[in-house]
Amino acid sequence: MRVNELMTPKIVIAGVSQAGRDPYLRTMSNNAVVEVSSLTKRYDDVVAVDNISFTLAPGTVTGFLGPNGAGKTTTLRVLLGLADADAGTALVGGRRYRELDEPARWVGAVLESNDFHPGRSGRDHLRVLSAASGVAEVRVDEVLDLVGLVDACRRAVKTYSLGMRQRLGLAAALLGEPRLLVLDEPTNGLDPSGTHWLRRVLRAFAEAGGTVLVSSHQLAEIAQSVDHVIIIDRGRVLADAPLVELAGSDRTLEQTYLALTAPVGS
Amino acid sequence: MNTALRAEVLKVRTTRTTAGVLAGMVGVVLLAIALHAFGLPANRLATGADQRKMFLDVGSNMGMVFAALIGALSMTVEFRYGTIRPTLLSVPRRGRVIVAKAWSALVVGSVAGMVAAGLASAAGTAFLRLRGMSVDIPAGQYVQLVLGGAAAGAAWATLGFGVGAVVRSQVPAVVGLFVWILFVENVLIAGVPSVGKYSPGALGRALAGQQVDAVASWPAALLALVTVAGAAVCAALAATTTRDFT
């Protein structure tokens, strides 16, 4: 079954009211879902992330941009507890990811488009993750329906196209009805209608009170999808501002991005 | 059953990997026991002790080899296909993942060891009778073969899991385990028997009832194998909790 692009995705976020209010976050001083403070990460002599700080507010879609090797993926890995910081902190809901009691209720993430066992069916992949996360198995069929993979769900993942794998990854991310979605290059492999559909999903997610951090190189797509933009290069934050401040009638997001990330001396 | 363990059991059940390895093991055990039962000279299979040694050589050894393979694959597959990332995102407390995977490997390994030993004993007995020989093995020794095989399989699967967690790469982990089981241990046992009898393979055979001069008693073998399995889990914990997953 193909996704119906005209259908408004029904997004539910655990712990967040329909009006988009999150009682937990209201107890925190800055109301931030994500708080990255003075984060530094080195690999041997290479400083991948150099003392960066930013916050993500609920109900926003933030584009996380930067050239290859800028430190985007490293930042996401540290935020999600897959790598340890050398200095600083990256907190979700005020806690390190590895300290979250129910991480699937907080964060849904897609870091790679191919993190599946090729011989396992899409549905079984989700069943495994729902079991690991303590999420009711009924959510598996709900998210399969949401991403339009019901008909293909019993096939082995090795038969899926790249776009179908992206959808399966997003389904896994949505399993726990999380407050935060972290997506690394989610439009890779999606056709134009799939990209349009993803944009609607992210918007519906934010309107339901959720927060999205999406890393991408597709600036034209990002300019249509996000409220806020963070640009990093060589491990440092170059811009952290609402989209309207970085792209408007006088310049495009791409022009701003290229001006900020231009090699020194060029 | 906690959530991490439920997920690991589901992983085993939702691919053909484990079933395929077990099916391969059944075929190899049947082939090997048939070759031994029909091919060895009658004077080498004359007594119950000779016959039991044949069952043990085939069943226990094959059980340990395939259990080690199952254990190693349970971890290296996660790295090969990148599923370690969603696994750790779902259960970010890595110690829980390691303990759950170790239990899962241990149970599947014990099944492999039990099936290999049971099949070698049953098929071996049937083949010898087909050859016209009487089989003189007490029931208690059959039980020890099967239970010892199960225990050895459990220990070797846990050991294989630990090697997989430390090495991460599938081919080197599996080749390393096979070289150890099939070559290094035999050299150790033949060259330095006082040390070789404490190698994990010799300990496994001791549990299953091997009776030669240089062999540990079964309680000592059990204690030593539990220590080996525990050390493998500790190595897996150390390798997993301190590393970055990129």
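This is a predicted model: local features need pLDDT of at least 70, side-chain atom pairs count only at pLDDT 80 or more; totals for chains, interfaces and linings use all residues.
Residues are numbered from 1 along each chain as its sequence is written, and chains are lettered from A and ligands numbered from 1 in the order in which they are written.

**Figure 1. Chain A as a whole.** Chain A has 10 helices and 10 strands. Helices (H or I, at least four residues) and strands (E, at least two) are DSSP runs, numbered from the N terminus. Of its 266 residues, 52% are buried. A residue is buried if 20 or more other C-beta atoms lie within 10 Å of its own, exposed if 12 or fewer, and partly exposed in between, with C-beta atoms placed from the backbone. Among contacts in chain A with a separation of 6 or more, 71% come from residues 24 or more positions apart. Two residues are in contact if their C-beta atoms, placed from the backbone, lie within 7 Å.

**Figure 2. The side of chain A that touches chain B.** Here 30 residues of chain A are in contact with 25 residues of chain B. Helices α3 (103-106) and α4 (122-133) of chain A each supply at least two residues to this side of chain A. The most comes from α4(A), with 7 residues. By class, this side of chain A has 16 nonpolar, 6 polar and 8 charged residues. Ala, Val, Leu, Ile, Met, Phe, Trp, Tyr, Cys and Pro count as nonpolar, Asp, Glu, Lys and Arg as charged, and the others, Gly among them, as polar.

**Figure 3. Helix α4 of chain A against helix α1 of chain B.** The axes of α4(A) and α1(B) (residues 3-13) come within 7 Å and cross at roughly 160°. That makes α4(A) roughly antiparallel to α1(B). Axes are lines fitted to C-alpha atoms, for helices over the stretch in contact, and angles run from 0 to 180 degrees between N-to-C directions. Angles under 35 degrees count as roughly parallel, over 145 as roughly antiparallel, 65 to 115 as roughly perpendicular and the rest as oblique. On the α4(A) side the contact is made by Arg127(A), Val128(A), Ala131(A), Ala132(A) and Ser133(A), and on the α1(B) side by Thr3(B), Ala4(B), Arg6(B), Ala7(B), Leu10(B) and Lys11(B). These residues divide into 6 nonpolar, 2 polar and 3 charged.

**Figure 4. Helices α9 and α10 of chain B.** The axes of α9(B) (residues 200-207) and α10(B) (residues 218-241) come within 9 Å and cross at roughly 135°. That makes α9(B) oblique to α10(B). From α9(B), the contact takes Pro200(B), Leu203(B), Gly204(B), Ala206(B) and Leu207(B); from α10(B), it takes Trp218(B), Ala221(B), Leu222(B), Ala224(B), Leu225(B) and Val228(B).

**Figure 5. Helix α7 of chain A and its cover.** Helix α7(A) (residues 192-207) has 16 residues and reaches 23 Å from its first C-alpha to its last, close to the 22 Å expected at 1.5 Å a residue. The expected span is 1.5 Å times one less than the number of residues. Its buried residues are Gly194(A), Trp197(A), Leu198(A), Val201(A), Leu202(A), Phe205(A) and Ala206(A). The elements of chain A covering them include β3 (61-65), α6 (162-174), β7 (180-184), β8 (211-215) and α8 (219-225).

**Figure 6. Surroundings of Ile13(A).** Ile13(A) is in the segment before α1 (23-26) of chain A and is buried, with 24 other C-beta atoms within 10 Å. Not counting residues up to four places away in sequence, Ile13(A) touches Glu177(A), Arg179(A), Ala208(A), Gly209(A) and Gly210(A). Ile13(A) and Gly209(A) are 196 residues apart in sequence and 7.4 Å apart in space, C-alpha to C-alpha. Glu177(A) lies in the loop between α6 and β7 of chain A, has a phi near 50°, and is buried, with 20 other C-beta atoms within 10 Å.

Figure 7. Val49(A) is in strand β2 (residues 46-56) of chain A and counts as buried, with 30 C-beta neighbours inside 10 Å. Val49(A) and Arg234(A) are 185 residues apart in sequence and 7.3 Å apart in space, C-alpha to C-alpha. Asn51(A) is also found in strand β2 of chain A, but counts as partly exposed, with 14 C-beta neighbours inside 10 Å. Phi of Asn51(A) is near 60°, a positive value in a residue other than glycine.
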